[in-house]
Amino acid sequence: MELEFESRYEINRTAEFIISKSFTRIALQFPDELLKESTKVVSALKSKTRLLTDREVRFFVMADTTYGSCCIDEVGALHIDADCVVHYGQTCLSPTSVLPAFFVFGKASINVSSCVKHLIDYASKSVKPIMILYGLEYAHMIPHIREELGLSKTESHQLKFSVANVLCSFISQSKDPRESMEHPRPYSDSLSSSRNYRLGGLTWDLPEGSNIEDYLLFWIGSDSSAFANVVLTFNGCDIVRYDAEEDSLVTEFYQQRRILQRRYYLVEKAKDANIIGILVGTLGVAGYLHMIHHMQALISAAGKKSYILAMGRPNPAKLANFPECDVFIYISCAQTALLDSKEFMSPVITPFEANLAFSRGSEWTGAYLMQFQDVINSVKLESEAHSESEEPRFSFFQGGYVEDHKTNDQAKNGEEDTGETMALVQTAEKALQLKGNDHNLLTKQTTAKSGPEYFLSRAYRGLEINSDNTSPEPYIVGRSGKASGYKHE
């Protein structure tokens, strides 16, 4: 059992990495489900590092991250002045901004023979070559699957298999956020001529002249957020999922593909928004600040108002405190970006969907992008001024043509904001005064273009008093006794 524990949490490899880099303050980041093992991991790492070096190495356990547990919690690690973060469990392998990170993916169990049998049986029915993708928790078994596939290939099964590789298990901090965002595009040749693909911590190459749509994608793992990214990003491919726990194949992804239909619905709804909230969903993924600035410029060019909100993990109660926002843009890693906002007062969209909604003349071609750099490359701000049209656009929700407000003049915006703020103060003072039954102190505006203008449409009316009869109502004697048996019962 002790050897199994050390193997699962890679105690030896982690300790050797720490010593080789001369780190002395290590932050260990655990998801909630693995927190119970943290004390054992710390004890094992302390014992191993004592054997390898005379330097004192201190370990700090981090849990309950502010944002998604798949991302490196750099803010928490910096609070303890850590040299490095060791991340355990499911991860998106997003590049970090400040601290280096070492990843321990975990080792989930899988029946290799049964997996290969399912793979060959299904592949024999398809004429397409097979690209094998997988959850990172099954990365330790991929060499065995490769070997099994090599032994299982016979003359009757001359099938072409390709297996994706794990991108890395160690990430160095990025000095320039834009440099960390420079990686090959994961979807379309229209964005890049590169044949190298990266998604969810995996990387693979395609032969020259072939497209990803020519392949059948075989996913090994659970129905996780990483798999949802694969379904959305490669929605034009045939996909099969092998469930290692159930030892079965899943070929129908109706629910996953319905997500794409809903995302298109949210894009059309966002086009009618005037006030947009930019939700900060990460403080560790390299390039997040550049993406926020890109969204601000995009929204401003569309003649709309934006506000930056940082609140940790968003939920309906938190976002309900900002009713003036017609839509929210969630800036986060690829695996936490897709929020199910059905219970939210306003929809929550991704930066890619915001590009589609706020860029005039843009059309959804079916491609779905999740990485920061792919999103920025999909829309060039330099060409937006030339592509904008003064013609009204058709709104599906308003049932007609509408004109977008243009507020690109920053000086004019500043004057309008000041005037709206003063008007809000004056109106609030009047709204707190009771004036009989006159409830129409304020004229409600149908389309507010900023926060102050939105609050101008709200009024506090105070108590509802009947001015015709000022005498108090007679009091009523209530029941007495205990709830289990009142006196009158």
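Which residue in β10 is the bridge partner of Asn196? It's Asp205. Keep in mind that what we're looking at is a predicted model.

Strand β9 covers residues 196-199 and β10 covers residues 202-205; the two run antiparallel, with four bridges joining them. Two residues sit between the strands, and Gly200, which is in the turn, has a positive phi of about 60°.

Okay, on to the rings. Searching the whole structure turns up eleven aromatic pairs. The one I'd like to show you is Phe17 with Phe170: the ring centres are 4.8 Å apart and the planes meet at 55°, so we call this pair tilted. Stacked would need planes under 30 degrees apart, and edge-to-face over 60. What I like here is that the pair links distant parts of the chain. Phe17 belongs to helix α2, residues 11-20, while Phe170 is in strand β8, residues 170-171, and the two are 153 residues apart.

And are these two buried or exposed? Phe17 has 9% relative accessibility, so it counts as buried, with the cut-off being under 20%. Phe170 comes out at 24%, which makes it partly exposed.

There's also a cluster to look at: Phe5, Tyr9, Phe30 and Tyr88 are linked by ring pairs.

Last topic, charges over rings. Arg241 has its charged end over the ring of Phe227, 5.8 Å from the ring centre. Then there's Arg479, whose charged end sits over the Tyr486 ring, 4.4 Å from its centre.

That's my tour, thanks everyone.

Terms used. Residues numbered from 1 in each chain as written. Predicted model: local features only at pLDDT ≥ 70, side-chain atom pairs only at ≥ 80, totals over all residues. Heavy atoms only, no water. Phe/Tyr/Trp six-rings, centres within 6.5 Å; stacked < 30°, edge-to-face > 60°. Buried < 20%, exposed > 50% of the residue type's maximum accessible area, 1.4 Å probe, protein only. Lys NZ or Arg CZ within 6 Å of the ring centre and 35° of its normal. Pairing = 2+ DSSP bridges.
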